[in-house]
Amino acid sequence: MMLKVTQLTKIFGGLKAVDNASLEVGQGRIVALIGPNGAGKTTLFACIAGFLPVNHGQVQFLGQDITGLKVHDISRRGMVRTFQITQPFAKLSVLENIAVGSHQLHARRADALAHARTIAERVGMPAAMLDQPAADLTVAGRKRLELARTLATDPKLLLLDEVMAGLNPQEIHEIIGIIRKIRDSGVTILLIEHVMHAVMSLSEHIYVLSYGKIIAEGAPREIVNNRDVVEAYLGRGAADQMGAEPAQGVEHA
Amino acid sequence: MNAVRSPWMVHGFLLLLALLFPLVFSSPFMVNFGVLALFYAFIGQSWNIAGGFAGQLSFGHVAFFGVGAYASTIVQMRFGFNPWLGLPVSALAGAAAGWLIAVLSFRAGLKGSYFALITLAFAEVFRIVANSVEITGGGLGMLIPMKQTVANFQFGDRRVFYFIILALTVISVALALWLKASRFGARLAAIRENEDSARALGIDTFAEKTKIMMISGAIAGTGGCFFAQYFLYIDPSIAFGVDKSVEMLLVSMIGGAGTVYGPLIGAVLLAAVSEVTRAWFTIQGLSLVLYGALLVVIIAYLPNGLIDLFERRGRRRGGS
C-alpha cells in the first residue's frame, strides 16, 4: 500500500475540518478526492503531507508511520504535494524553479539544470518558456510548473491539489494526458479535483469528502449514482428531484 | 549560459584594478578610502548572502560584527592571543552568534519583518551586555596598544591593511559566486522566494537558513576583527551601533541585493559619500542623511540596485 490514512482528524478551534477520515491509495493508481467547496480536501492534503499537525489518526506511507514528520522529510521519502494556489519561486526562471526539485537528486548545478530540462519536456513546457521568470507565466503555465517541480524530485506519490482549476478545456485535455503519462512512468497519484469529467476519466477510485467526513468511496460509476454524494453537492432531497440522471447532476456541480 | 566565460575576464580585470589602486593612489586619504570601501564591501557581502540570497532580512547584522570585534580583541587583550589568531576566533564567534540568533528566531518561526526586528533587538541586547560586563571594558571600550610589527597585525604602511581587506573581500566574492552556482545557493533562492514551496520540494528550510546565518555571521565577525585592528579601539556603540547595521544593508541594497557584485558597487559609493562628506563638511551625521536620500532615489528608479546600470541584459536576480 502506497498511502494509508487511518481515522485522521484535524480540528481548527471548534471546527472539525477533517473528521475521522480514512483512505487508501494503492501503488500505481490514480485516486481522486472530491467534495464540495469547504469540505476539507486541502486540509486533509496538508495533514497528509505534514504541513499541518493532526489531532488524531495516522498516516502511513509505504508501510511506515509518517505522522508528525517534517514536510521535507516526507517529501524526501517520496510523497510530494502541489499547491492549489500556485506557489512559484516568482523571481527565478522556470528552469531554475524546476531545478530546485531536481537538486534533490542531483548535487551539481549543471546536472540539476539538465534534469530540469527533461522534466519540462515531460510536462510539455516549450523550451522558449524555460528562461522566463515564473512570475510571468499564465495560470496554465503555473499549474504545469507546479507539476514539473514536484515531478523533478522523483516522487513515488504525487498529491495534486486542483491542478486543472482555471484551465480551459484544451489545457485540461492536455494536462489529463500528462497526468496519465506520469502515472504510467510509475508514479502513484492522489488528486483533488473539481473538474468532474477529468476526475471520471482519470481516476480508478474516488473518495468523497463532505464536512470533513468521507461519505462515499468507489469506482467513478458507483460514485455518480450515489445518493449521498448527489445530496452533498446539491442539497438534501436533490437526488430524488434529479430523477433518472443523478450522474448529470454531479458532473455539472 | 553563454555569459559563463567572460566573467573570468571581468574578475581578472577588477582584481588587477584593485591591486593597482594603492600603488597609484598612495596618499593616506586614498588608501584609507580604499580600505573603507573594501571593508564596506566585505561586511555588505555578509548581509547580502543572508538578506539578498536567502531572503533573511536582518536589521541587526552588526551583532555578528560586534561579536567578532570583541572576540578577537578580548582574546588578544585578556588572554594574550596573537592578533592574527583573532581572525579565525572572530569568524568562529560570528558564526556562533549567527547560529544562536538563527536557531532562536527560526525555531519560533519568525520571518520577514519579525525576523528583522528580532535581529535588531539582539544587536541591542549585545550592545547593552558589552556595556555592562567587565571583560569588554564596559562603556570605556578597549584600546589596543600601538605596537607596529607584522606579528602584531599592525603595519607602518597602511597599504598592508588594504591588501588584507582586499584578500578577505575576494574570498567573500568567491563565496557569493559559489553560492550562485551551487545546490546550496539554489535552495537559498527557493527559500527566499517561497518557503512553503521549498519545504514541499524537500528542502530543510530551518537547517539551510541556519547554515547561511552562520556563514554570514562568520564573515561579519571577521570584519569586526579587521575593524578593531585597523582602528585599534572598540566600544559598545561602535561594535553594536545601529548605524553599522544600516550601512551593511544599504551597501547591499543600493548596489543590488542578491547579486554577487552589488555590494562592491554599493560599497564604493557609500565609502565615497561617507569620506567626501567627512572631508568637506563638519556636520556630524550628514553622511547618514545622504545615505537616506540615496536609498530613496535607488528604490524609486533602480529597485534592483545600481547593478542594473551595469547589467544591460536586464538579467533577473536568480539562483543560477
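Student: In this predicted model, which residues does B:Tyr40 touch, leaving aside those up to four places away in sequence?

Tutor: B:Tyr40 touches B:Glu247, B:Val251, B:Ala267, B:Leu270 and B:Ala271.

Student: To which nonpolar core does B:Tyr40 belong, and how many residues does that core have?

Tutor: In soluble globular proteins, nonpolar side chains tend to be buried together. Here the largest nonpolar core has 170 residues, and B:Tyr40 is among those with the most contacts inside it. B:Leu270, one of the residues that B:Tyr40 touches, is also in that group, as are A:Ala148, A:Val208, B:Phe39, B:Ala63 and B:Ile165. Helix α2 of chain B, residues 28–53, gives the largest share of this core, with 14 residues.

Student: Turning to chain A, is strand β8 enclosed or open, and why?

Tutor: A residue is taken as buried if 20 or more other C-beta atoms lie within 10 Å of its own. Strand β8 of chain A, residues 188–192, is largely enclosed by the rest of the structure because five of its five residues are buried. Both of its faces are covered: A:Thr188, A:Leu190 and A:Ile192 lie on one side, with A:Ile189 and A:Leu191 on the other.

Student: Which strands pair with β8(A)?

Tutor: Strand β3 of chain A, residues 30–34, runs parallel to β8(A) and is joined to it by four bridges; within that pair, A:Ala32 stands opposite A:Leu191. Strand β7 of chain A, residues 157–161, also pairs with β8(A) in the parallel sense, over five bridges, and A:Leu157 stands opposite A:Thr188.

Terms used:
Residues are numbered from 1 along each chain as its sequence is written. Chains are lettered from A and ligands numbered from 1 in the order in which they are written. This is a predicted model: local features need pLDDT of at least 70, side-chain atom pairs count only at pLDDT 80 or more; totals for chains, interfaces and linings use all residues. A nonpolar core is a set of buried Ala, Val, Leu, Ile, Met, Phe, Trp, Tyr and Cys residues joined through C-beta atoms within 7 Å. A residue is buried if 20 or more other C-beta atoms lie within 10 Å of its own, exposed if 12 or fewer, and partly exposed in between; C-beta atoms are placed from the backbone. Helices (H or I, at least four residues) and strands (E, at least two) are DSSP runs, numbered from the N terminus. Two residues are in contact if their C-beta atoms, placed from the backbone, lie within 7 Å. Two strands pair if DSSP finds at least two bridges between them.
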